[in-house]
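Please view the sequence and structure below before reading on.

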Amino acid sequence: MASEMMEALELLCQEKHIDQLYLLDRLEQSLAKSYADVLHLPFGARVTIDRATGKVYVYELVPKGEPDPETDEYVEFDEVDVTPPGTSRIAAQHAKSEIKAIVRNAARVQIYEEFSQRVGDIITGTVLQSTPDFTIVKIREGVEAELPHFDQRRYSDERNERPAGERYMHNQRLKAIIIEVRDPNSTQPVVRGERQRPPIVVSRTHPDLLRRLFELEVPEVYDGIVEVRSIAREPGIRSKVAVSSNDDRLDPVGACVGPKGSRVRTVVSELRGERVDVVAWSDDPARCVASALSPARVSRVIIDDENGYATVIVPDDQLSLAIGKEGQNARLAARLTGLHIDIKNESLAAGILRDLPHATDGGAGLDEGGSHRCEYVGPNGIQCRNMARPGSRFCGVHERLAAAEVSSDPDSLI
């Protein structure tokens with residue numbers, strides 16, 4: 001019986017790629033704890049397994065000498081053989097549970113070694129099970145991931161990586177990115193139920209999911225010709241993606257949108273209808289802010305580099321579009337550019353516009369085509385709606401007025 005157990009252990013270790021000596025050491029420790037409880041041994045027990053015959057020996061630890069004065073614990077023990085009958089049967093039962101634990105831990109270690117280097121990668125999986133707190137996604141045979149969507153009001157230390165409004169069905173295929181791989185040998189305090197949950201944590205709310213989806217759908221992004229410079233996202237609702245091109249002949253926004261919107265439509269479909277705005281990135285902060293606020297048109301942007309503020313002036317009819325529903329467009333633009341954005345319409349910003357030639361050295365007029373609107377502000381505080389002439393601050397009408405000399409004679413018409 002005993003030798004048969006050793007042969008079975010050897011075969012199992014070969015099949016599961018487990019170190020036999022490591023398994024026997026774990027088995028001896030487990031048996032020592034069990035026999036100390038079963039035999040009521042106050043100072044514990046030591047168990048040895050004969051490597052050749054598989055026979056199990058149990059020794060009671062009997063302290064000798066005086067305890068350590070600092071720790072009040074005994075350091076040296078005598079061993080008394082108290083091996084009970086039927087130890088091989090008990091050892092076989094322990095071996096079964098230990099082998100299961102070791103195989104499970106070995107599988108988690110193997111998954112950690114493979115996937116810890118892939119944090120940030122996109123994966124495609126199949127939904128196996130969905131609970132109120134998390135969804136189990138099968139990546140491949142024997143490898144599962146967890147997509148947590150805990151209620152943050154009840155479990156503030158847990159994650160919610162599911163976009164608003166998404167629900168998952170059994171066998172549904174979905175894409176997500178890996179955000180964490182739990183280390184099975186970590187000494188950090190474990191989160192509730194973490195040992196029983198899959199070691200891989202994936203997310204569908206992370207901004208990098210959008211970046212990976214564009215890499216899949218847009219070859220220019222994958223090749224690095226078009227670069228995704230910044231992403232602002234409110235998962236499940238709306239996102240803004242700023243892109244730039246390393247090739248002057250290539251329009252980065254057009255490349256990401258694709259023919260008739262086919263490329264961005266595929267990304268939107270994968271995100272279950274989340275609105276995605278692709279805008280052009282500029283190294284000029286003023287132009288970058290104006291682009292980020294699209295589809296609203298912007299008249300002027302004044303940048304305060306020192307404080308990280310951008311004051312944006314828009315035509316009166318573009319104010320609500322620039323701010324967006326519940327401030328969403330302005331909020332996403334601020335996250336995209338990293339600047340605090342203050343939006344004013346032209347009527348309210350008349351004072352700013354009046355002082356603009358002196359106060360906006362860092363700003364720029366930013367209507368289409370690189371041109372800007374006439375800077376003339378009338379006595380009623382409203383800015384002229386004409387476009388400025390090339391190379392001039394004013395339109396043709398007000399350029400002549402600005403160039404005219406004003407007479408000091410009160411009867412003069414000029």
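This is a predicted model: local features need pLDDT of at least 70, side-chain atom pairs count only at pLDDT 80 or more; totals for chains, interfaces and linings use all residues.

Y74 sits in the loop that runs between β2 (56-63) and β3 (77-81).

A pair of aromatic rings is described by the distance of the centres and the angle of the planes. The structure contains 3 aromatic pairs. One of them joins F43 and Y74: the centres are 5.7 Å apart and the planes stand at 90°, an edge-to-face arrangement.

F43 belongs to the loop between α2 (20-38) and β1 (45-49), while Y74 belongs to the loop between β2 and β3, so their pair ties together parts that lie 31 residues apart in sequence.

## The pair of F134 and F150

The ring centres of F134 and F150 are 6.2 Å apart, and their planes meet at 40°, so this pair is tilted. F134 is in strand β5 (residues 134-140) and F150 is in the loop between β6 (143-148) and β7 (173-181), so the pair ties together parts 16 residues apart in sequence.

Are these two residues buried or exposed? Both F134 and F150 are buried. Ring pairs also bring in Y155, which forms a cluster with F134 and F150.

Terms used. Residues are numbered from 1 along each chain as its sequence is written. Side-chain values use heavy atoms; hydrogens and water are left out. Helices (H or I, at least four residues) and strands (E, at least two) are DSSP runs, numbered from the N terminus. Rings of Phe, Tyr and Trp (its six-membered ring) pair if their centres lie within 6.5 Å; planes under 30 degrees apart count as stacked, over 60 as edge-to-face and the rest as tilted. Buried means under 20% relative accessible area, exposed over 50%, partly exposed in between (1.4 Å probe, protein chains only).
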